[in-house]
Amino acid sequence: MSVLDIQNVTKQFGLVKAVDSFSLTVADGELVCLLGPSGSGKSTLLRMVGGFESPTGGVITIDGEDVTRVPPERRPTGMVFQSHALWTHMNVFRNIAFGLKLRRLPADEIKRKVDAVLELVGLGGYGTRQVTQLSGGQQQRVALARSLVLEPKILLLDEPFASLDQHLRERLREEVRDIQQRLGITTLFVTHGQDEALALADRIVVMRDGATEQIGAPDTVYREPETPFVAGFIGTMNLVEGTIGGGTFRHAGLAVPAPAPDGPATLAVRPEALDIRPAAGAGMAFIHRVTDYGTHALVDIELPDGLRLKAMVPEARDWKSGQAVDITPRAYALYRDNSVIHRSAEKND
Ligand SMILES: Nc1ncnc2c1ncn2[C@@H]1O[C@H](COP(=O)(O)OP(=O)(O)OP(=O)(O)O)[C@@H](O)[C@H]1O
Ligand SMILES: [Mg+2]
């Protein structure tokens with residue numbers, strides 16, 4: 001049982017409020033992703049949980065025990081940093097054994113634990129390798145092993161795969177998810193990759209300016225973003241500024257039912273929920289470009305006022321640039337003052 005509880009935690013650096021009264025409870029065995037743009041306070045928050053930064057205000061508890069002022073080496077947390085920091089003058093074994101030696105474990109027990117964790121991260125037999133002789137992905141696995149070997153109650157990962165290529169990143173994140181579930185370890189994972197968050201997380205916290213913009217399961221955050229910021233940040237989203245009048249939202253030739261009070265609003269519609277068809281008359285818009293991705297195609301559509309929207313279609317060859325089209329948002333949401341004022345019956349998916 002390891003529960004991490006963060007209550008009203010704030011971090012002020014001079015005039016900058018990096019984290020602003022942030023609260024979150026991570027359940028036993030849960031993996032929560034902190035997702036947000038650069039500078040939104042993700043690393044600062046994680047560093048405070050790990051004890052590498054001291055909060056200006058608020059309380060952090062692990063299994064009910066207040067650790068807010070406890071130094072990192074005495075916290076039951078293990079952290080893998082944004083830029084991995086292995087000791088290049090030590091081989092793999094000694095890098096991983098270091099923390100266990102500090103704990104004065106007997107040599108045979110250290111050997112057993114290090115060998116086991118090397119197996120766990122897929123580096124069995126690599127103990128005598130020099131760190132400098134490893135690939136970037138292997139080095140990240142060593143960094144992970146070095147944290148896991150100390151059997152932390154809480155695992156903290158700060159963009160551990162940011163420096164790796166897409167392919168390796170996807171593979172490693174699946175491995176981490178496997179290991180995390182096998183060990184049932186409570187985990188806070190920082191990323192600014194939305195794919196990573198959607199693939200990994202039990203819950204996602206979308207951060208903006210040091211505070212929570214939305215917390216939810218990946219599919220909820222994706223399908224029912226509560227603010228235009230979340231809508232625009234997760235996945236591809238068409239955002240259209242317009243006006244609601246008499247129950248209809250309008251922008252250029254575009255009109256959708258909007259059972260909401262009159263006034264300005266933002267329409268959000270996913271490319272896969274924007275239906276297009278060859279224009280019946282003069283057409284509402286024109287196709288600017290068609291991009292074929294093999295499994296599907298994306299059509300860039302230009303409205304009369306120059307605004308571009310993206311629509312996903314099954315077949316690229318059905319469409320060509322310059323073609324006049326009519327468009328209908330099938331599933332959409334409308335926002336005003338940073339909150340939802342209407343969602344269509346069919347959800348964005
Ligand atoms: N030691 C520090 N001194 C002063 N300001 C800091 C310090 N560390 C972070 N900040 C500021 O706090 C804010 C949050 O930084 P943080 O590193 O937590 O962002 P982040 O979400 O991890 O960004 P990234 O995705 O780029 O890693 C930024 O404005 C940053 O400049
Ligand atoms: Mg960071």
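1. Helices (H or I, at least four residues) and strands (E, at least two) are DSSP runs, numbered from the N terminus. This is a predicted model: local features need pLDDT of at least 70, side-chain atom pairs count only at pLDDT 80 or more, and totals for chains, interfaces and linings use all residues. Residues are numbered from 1 along each chain as its sequence is written, while chains are lettered from A and ligands numbered from 1 in the order in which they are written.

2. The protein chain splits into domain 1 (4-227) and domain 2 (236-343). These bounds come from an automatic or database domain assignment. The C-alpha centres of the two domains are 39 Å apart.

3. Now the ligand. Around ligand 1 lie residues including F13, V16, K42 and H192 (C-beta atom, placed from the backbone, within 6 Å). Which helix gives the largest share of this shell? Helix 1 does, with three residues. Strand 2 (16-26) also supplies at least two.

4. Next, helix 3 (residues 107-120).

5. I110, V114, V117 and L118 of helix 3 are buried (20 or more other C-beta atoms within 10 Å of the residue's own, C-beta atoms being placed from the backbone). They cover an arc of only 105° around the axis (taken from the directions from the axis to the C-beta atoms), so they sit on the same side of helix 3. On the other side, D108, E109, R112 and E119 are exposed (12 or fewer).
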